[in-house]
Amino acid sequence: MPSKKALIRHPGPLLADGLVTHLERAEIDVDLAVRQWEAYVTALHTHGWETVEVEPADDCPDAVFVEDAVVVYRNVALIARPGARSRRAETAGVEQAVARLGCSVNWIWAPGTLDGGDVLKVGDTVYVGRGGRTNAAGVQQLRAAFEPLGARVVAVPVSKVLHLKSAVSALPDGTVIGHIPKVDTPSLFPRFLPVPEESGGHVVLLGGDRLLMAASAPKTAELLADLGHEPVVVDIGEFEKLEGCVTCLSVRLRDLYA
């Protein structure tokens with residue numbers, strides 16, 4: 001049976017100081033963000049996911065975006081080396097968490113940089129965004145770690161958003177979805193479905209046809225419902241002000257060995 005564990009990390013007190021690259025800085029209500037995070041976690045629990053809380057990293061404003069710290073393929077956890085130097089202290093607690101879960105741990109080493117948000121897995125195809133936070137050496141090291149396990153690694157240019165998964169994610173059947181103005185090269189994906197809102201390109205597969213998505217994408221939710229999916233909607237507006245999305249607030253571990 002596939003595992004249904006998800007790494008999460010509580011928002012820290014410095015959340016409002018998180019990095020912003022492609023957006024104008026907006027005021028963050030940290031208390032509201034905590035409530036939104038709790039509702040996100042509740043949605044995972046409601047749909048059968050066991051959450052594993054990574055130890056806090058309160059000195060790191062962006063640590064709640066836990067997906068950026070690690071990429072897991074099968075039972076191998078590749079600890080990221082974030083492209084933003086200020087985020088590199090986030091990885092230590094995540095490394096401890098995945099090691100406790102029995103993962104084999106590898107690392108991205110200098111001069112490589114890689115953010116987990118730049119990695120989209122669709123079956124055994126691993127798309128890696130090459131852009132502002134992930135460099136060519138990071139892509140090469142990920143390829144060296146995962147291709148021997150059966151992965152097919154495809155590098156994808158990213159210039160219009162922070163991370164690859166800020167632009168695209170995938171439906172249960174492997175169709176990649178995204179908002180065309182934010183996707184550099186849609187033709188790189190064998191099956192691509194345009195969606196009408198930027199945040200509509202971000203879904204977390206909860207199991208079956210259930211898709212965790214942001215409340216800011218109602219038109220996309222309607223489109224996906226019409227296609228037979230079941231949107232599970234959460235409000236993550238405070239995190240969206242920091243270029244966050246539903247995918248980066250957890251790391252879904254689906255293939256851990258029993």
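Analyst: Cys248 is buried, with a relative accessible area of 7%. Please keep in mind that this is a predicted model. Cys245 is buried as well, at a relative accessible area of 3%.

What is the count of disulfides here? The count is zero. Cys245 takes part in no disulfide, and the nearest cysteine sulfur, in Cys248, is 4.1 Å away. To see why that rules out a bond, recall that a disulfide is a covalent bond between the sulfur atoms of two cysteines. Two such sulfurs count as a disulfide when they lie within 2.5 Å. The sulfur of Cys248 has its closest cysteine sulfur in Cys245, and at 4.1 Å that is too far for a bond.

Now let us turn to the aromatic rings. A pair of aromatic rings is described by the distance of the centres and the angle of the planes. The structure holds five aromatic pairs. One of them joins Trp107 and Trp109: the pair is tilted, with 5.9 Å from centre to centre and 45° between the planes. Trp107 counts as partly exposed, at 35% relative accessibility, while Trp109 is exposed, at 55%.

Tyr127 and Phe189 form another aromatic pair, this one edge-to-face, with centres 4.9 Å apart and 70° between the planes. This pair links distant parts of the chain, since its two residues are 62 residues apart. Tyr127 sits in strand E7 (residues 125-130), and Phe189 belongs to the loop between strand E10 (176-178) and strand E11 (192-194). Tyr127 and Phe189 are both buried. With Phe192, they are linked by ring pairs into a cluster.

Finally, step back to the whole chain. Its secondary structure comes to five helices and 15 strands. The radius of gyration is 17 Å, close to the 18 Å that the globule rule gives for 258 residues, so the chain is as compact as a globular protein of that length. Its C-alpha atoms fill a box of roughly 40 × 40 × 40 Å along the principal axes. Buried residues, Cys245 and Cys248 among them, make up 54% of the 258 residues. Among contacts between residues at least 6 apart in sequence, 67% join residues at least 24 apart. The accessible surface comes to about 10,800 Å², and carbon and sulfur atoms account for 52% of it.

Note on methods. Residues numbered from 1 in each chain as written. Predicted model: local features only at pLDDT ≥ 70, side-chain atom pairs only at ≥ 80, totals over all residues. Heavy atoms only, no water. Buried < 20%, exposed > 50% of the residue type's maximum accessible area, 1.4 Å probe, protein only. Phe/Tyr/Trp six-rings, centres within 6.5 Å; stacked < 30°, edge-to-face > 60°. Helix = DSSP H or I, 4+ residues; strand = E, 2+ residues; numbered from the N terminus. Rg over C-alpha atoms; globule rule 2.2 N^0.38 Å. Contact = heavy atoms within 4.5 Å. Areas by Shrake-Rupley, 256 points an atom, 1.4 Å probe, with all protein chains shown as cover.
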